Amino acid sequence: MNGAEVYLQNKYSSKEDKTTELVTKYAYLVKKIALHLKSRLPHSVQLDDLIQSGMIGLLDASNNFDGSKGASFETFASIRIRGAMLDEIRSGDWAPRSVHQNSRKITEAMTELAKKLGRDATDVEVSEYIGVPIGEYHKMLYEASTTKIVGIEDLGVTADALVFDNQNINENAPLNAVLEQNYRQSMAKAIESLPQKEALLLSLYYKEELNMKEIGSILNVSESRVSQILNQAILRLRSKLKDWF
């Protein structure tokens, strides 16, 4: 074996050892993130499936981490792990077409009523506008929330949009960065304009990371009602931000 071959063997062996070390050391993150996501998802989503996709995300992180960028590996890996889990779930969207149609119908109704009334519409007003009883409207919200991921991520941002700080834009920033910052500003304003209960629920769910049961206890409503209000808040945000989509 010549010198070049020895160098290459040592180089790749060292890289493999480092990858194995990182995966072993941070494997706990996969289960931690999986359990956190599982508490927000339908029962049909299996914890083992989340963990499996999360391990792929961790392996990807260990192979692509660049410490010179400034971020810690734990932060970098957490983003990759969560992203891999969400990609896996979204790729297997099991929602019937009628559920997606109902979600669009509700979003459009919220938009039209907000223009007509000059304020956000109530549950009753939305249900009357789309021509269904209030109980059927709540069922539509519940079905949407239990057949797919309903979250801030669906609007193109992460949960940190709820703690947005109004920084000034650098005039020399790339166009994409300016657009993203403007979108986040619009998102922050939309959240602030939500009905009080919906804004509070979003804060408890995404910022404080409470589960449905804990939020239900605080708001004195059932877990299913929490799910309905959460989905209604997301659909209302989508209606407020429709010009961005």
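In this predicted model, helix 8 and helix 10 are roughly perpendicular to each other. Helix 8 covers residues 196-207, and helix 10 covers residues 223-240. Their axes cross at roughly 105° and come within 9 Å. Angles of 65 to 115 degrees count as roughly perpendicular, so the pair falls in that class. Two packed helices are described by the angle between their axes and the distance between the axes.

The contact between the two helices involves residues from both sides. Helix 8 contributes Lys-197, Glu-198, Leu-201, Leu-202, Tyr-205 and Tyr-206. They meet Val-226, Ile-229, Leu-230, Gln-232, Ala-233, Ile-234, Arg-236 and Leu-237 in helix 10. By class, this contact has 10 nonpolar residues, one polar residue and three charged residues.

Helix 5 spans residues 123-130. Four of its residues are named here as buried: Asp-123, Val-126, Ser-127 and Ile-130. These residues lie on the same side of helix 5, because they cover an arc of only 95° around the axis. Just after helix 5 comes Gly-131. Its phi is positive, at about 75°.

Arg-82 belongs to helix 3, which runs over residues 73-91. The relative accessibility of Arg-82 is 23%. Buried means under 20%, so Arg-82 counts as partly exposed. Arg-82 and Ala-34 are 48 residues apart in sequence. In space, their C-alpha atoms are 7.9 Å apart.

Methods
Residues numbered from 1 in each chain as written. Predicted model: local features only at pLDDT ≥ 70, side-chain atom pairs only at ≥ 80, totals over all residues. Heavy atoms only, no water. Buried < 20%, exposed > 50% of the residue type's maximum accessible area, 1.4 Å probe, protein only. Axes fitted to C-alpha atoms, helices over the stretch in contact; angles between N-to-C directions. Parallel < 35°, antiparallel > 145°, perpendicular 65-115°, else oblique. Contact = heavy atoms within 4.5 Å. Nonpolar A, V, L, I, M, F, W, Y, C, P; charged D, E, K, R; others polar. Arc of directions from axis to C-beta.
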